[in-house]
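Thanks for asking me to look this one over. Here are my notes, as numbered points you can follow alongside the viewer.

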Amino acid sequence: MKPKLHCLLLLMGLCVSTSSSVAAEDRDISFQTEDGWTIYGTLSIPDSGKQKFPVVILLPSMAHDRASFGVYRDPGPGRSQYPGLAPVILSRGVATLSLDLRGRGQSMGMKEQHSFNDEERSRMYLDVRGAMSLIEKQPMLDASRVGLVGVEHSADAAVRGWAGDNRVQAMALISGRLSEVAKQHIAASPKLPLFLTVSSEDKRGFADMTDAYFLSNSASTTIEIYDGLGVGTWMFSMYRQKFPNQQPLHEKIGDWISNLLLMTGQLREVSFQTQDGWTIFGNFRLPERETGKKPAVILLHSGLSDRHAYHELEIELARAGLAVLNIDWRGKGKSTGKGPYFELSRAERDRGHLDVLAAVNFLASQ
């Protein structure tokens with residue numbers, strides 16, 4: 001039976017499985033920043049046999065190092081330990097990269113972070129950029145699906161390190177302190193989903209987190225404001241004490257950022273041949289959290305653009321549970337093996353329907 005194409009929508013059978021519980025492999029990593037700092041951290045990868053994992057970069061506060069995301073303690077008698085944010089994210093099937101930011105932990109260098117002046121502190125965003133470059137080189141990581149978590153002053157580093165980078169799909173900021181530069185980045189790219197949390201007595205954090213909330217226009221952005229929980233990751237322990245019958249705050253954040261990264265879908269570049277000999281390139285994105293057969297969408301850009309015009313739509317469709325094939329048609333983007341679009345004859349351009357047919361056949365073969 002031939003597949004049916006209606007309004008560029010193709011219904012087809014695809015299947016994906018997800019793991020509900022995973023173990024992790026920890027690796028010590030290091031990298032150089034643009035301004036010469038050596039940054040150390042721990043890369044933890046779920047052991048579930050998947051090809052590529054989305055990853056969350058975890059940035060501690062000035063008072064802590066990478067270990068602050070591993071284990072937390074209750075504030076009450078006995079101070080029992082419980083798994084922190086990093087294990088929560090790993091258990092959802094998402095990798096984590098926990099960093100010692102410059103001036104802390106193994107990344108101490110020649111000067112402790114508490115001694116930084118404002119200019120030195122403002123350059124912490126270069127640690128985030130360096131981490132993004134490291135992720136690009138890891139074959140087990142999907143560099144198109146990155147999340148960021150910043151605490152107190154490292155929230156500014158998270159936002160400035162992102163600066164509209166399309167590889168970052170979600171960001172959580174805990175008691176965040178944001179410079180005007182960081183707020184300008186959010187205003188310039190307001191569609192990035194943000195999870196913002198703060199305790200009302202933290203006046204600096206309250207002001208900056210509410211500013212970020214109103215600057216964002218993503219439907220997935222949320223803000224949670226509490227009273228009497230303190231600052232930074234200590235909020236997680238205080239929340240458990242005050243609300244013992246509710247889902248822990250750090251699990252809410254872990255679920256939120258993991259779900260957004262997984263729902264974005266696995267991305268790989270594909271290519272296929274048309275009947276008249278063109279090689280067509282495109283993005284093929286498969287949702288991970290959906291199982292069983294699913295519909296698919298073919299995206300066709302205009303003659304003045306290429307597949308990147310549909311970047312945001314591609315992600316939103318995947319989040320809705322659809323498989324997406326976003327192509328560069330003949331003569332556009334990477335599909336220029338026989339020449340650029342506007343140098344082709346009218347007859348050649350009019351055979352663009354063969355690109356769509358080849359895309360339909362590609363999906364039907366999956």
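Where is the place of Thr-221? Thr-221 is in the loop between helix H6 and strand S12 (222-226). Please keep in mind throughout that this is a predicted model.

1. Let me stay with Thr-221 for a moment. Its relative accessible area is 11%, and with buried meaning under 20%, Thr-221 is therefore buried. The side chain of Thr-221 makes a polar contact with the side chain of Ser-216, at 2.7 Å. Setting aside residues up to four places away in sequence, Thr-221 touches Leu-192, Pro-193, Leu-194, Tyr-213 and Ser-216.

2. Another threonine, Thr-210, lies in helix H6 (residues 203-215). Thr-210 is buried as well, with a relative accessible area of 16%. Its side chain reaches a backbone atom, the oxygen of Ala-207, at 3.0 Å. Not counting residues up to four places away in sequence, Thr-210 touches Ile-223 and Ile-225.

3. You will find Arg-66 in the loop between S5 and strand S6 (71-73). Is Arg-66 buried or exposed? Arg-66 is buried, because its relative accessible area of 15% falls under the 20% limit. Its side chain reaches the backbone oxygen of Gly-41 at 3.2 Å.

4. The surroundings of Arg-66 draw on several parts of the sequence. Leaving aside neighbours within four places, Arg-66 is in contact with Asp-28, Tyr-40, Gly-41, Thr-42, Pro-60, Ser-98, Leu-99, Asp-100 and Gln-106. For one of these, Tyr-40, there is also a C-alpha separation from Arg-66: 9.1 Å, with the two residues 26 apart along the chain.

5. Next, a helix pair. How do the axes of H3 (residues 125-136) and H4 (residues 154-162) cross? The two axes come within 7 Å and cross at roughly 55°. That angle makes H3 oblique to H4. The crossing of H3 and H4 is right-handed.

6. On the H3 side, the residues that meet H4 are Tyr-125, Val-128 and Arg-129. Their partners in H4 are Ala-157, Ala-158, Arg-160 and Gly-161. By type, the residues of this contact divide into 4 nonpolar, 1 polar and 2 charged.

7. H4 deserves a point of its own. It is mostly covered, with 9 of its 9 residues buried. Among them are Asp-156 and Arg-160, as well as Val-159 and Trp-162. What do the buried residues of H4 pack against? They pack against strand S5 (53-59), helix H2 (118-122), H3, strand S9 (141-151), strand S10 (168-174) and helix H5 (180-188). H4 is followed by Ala-163, and the phi of Ala-163 is positive, near 45°.

8. Last, helix H7 (residues 234-242). The buried residues here are Met-235, Phe-236, Ser-237, Met-238 and Tyr-239. What covers the buried residues of H7 includes S6, strand S7 (81-83), S10, strand S11 (194-199), S12 and helix H8 (249-263). S10 is one of the elements that cover H7, and S10 also packs against the buried residues of H4.

Conventions. Residues are numbered from 1 along each chain as its sequence is written. This is a predicted model: local features need pLDDT of at least 70, side-chain atom pairs count only at pLDDT 80 or more; totals for chains, interfaces and linings use all residues. Side-chain values use heavy atoms; hydrogens and water are left out. Axes are lines fitted to C-alpha atoms, for helices over the stretch in contact, and angles run from 0 to 180 degrees between N-to-C directions. Helices (H or I, at least four residues) and strands (E, at least two) are DSSP runs, numbered from the N terminus. Angles under 35 degrees count as roughly parallel, over 145 as roughly antiparallel, 65 to 115 as roughly perpendicular and the rest as oblique. A crossing is left-handed if the near helix is turned anticlockwise from the far one by less than a right angle, and right-handed if clockwise. Contact means heavy atoms within 4.5 Å. Ala, Val, Leu, Ile, Met, Phe, Trp, Tyr, Cys and Pro count as nonpolar, Asp, Glu, Lys and Arg as charged, and the others, Gly among them, as polar. Buried means under 20% relative accessible area, exposed over 50%, partly exposed in between (1.4 Å probe, protein chains only). A polar contact is a pair of N or O atoms within 3.5 Å; within protein, one must be able to donate a hydrogen and the other to accept it, and residues adjacent in sequence count only if both atoms are side-chain atoms.
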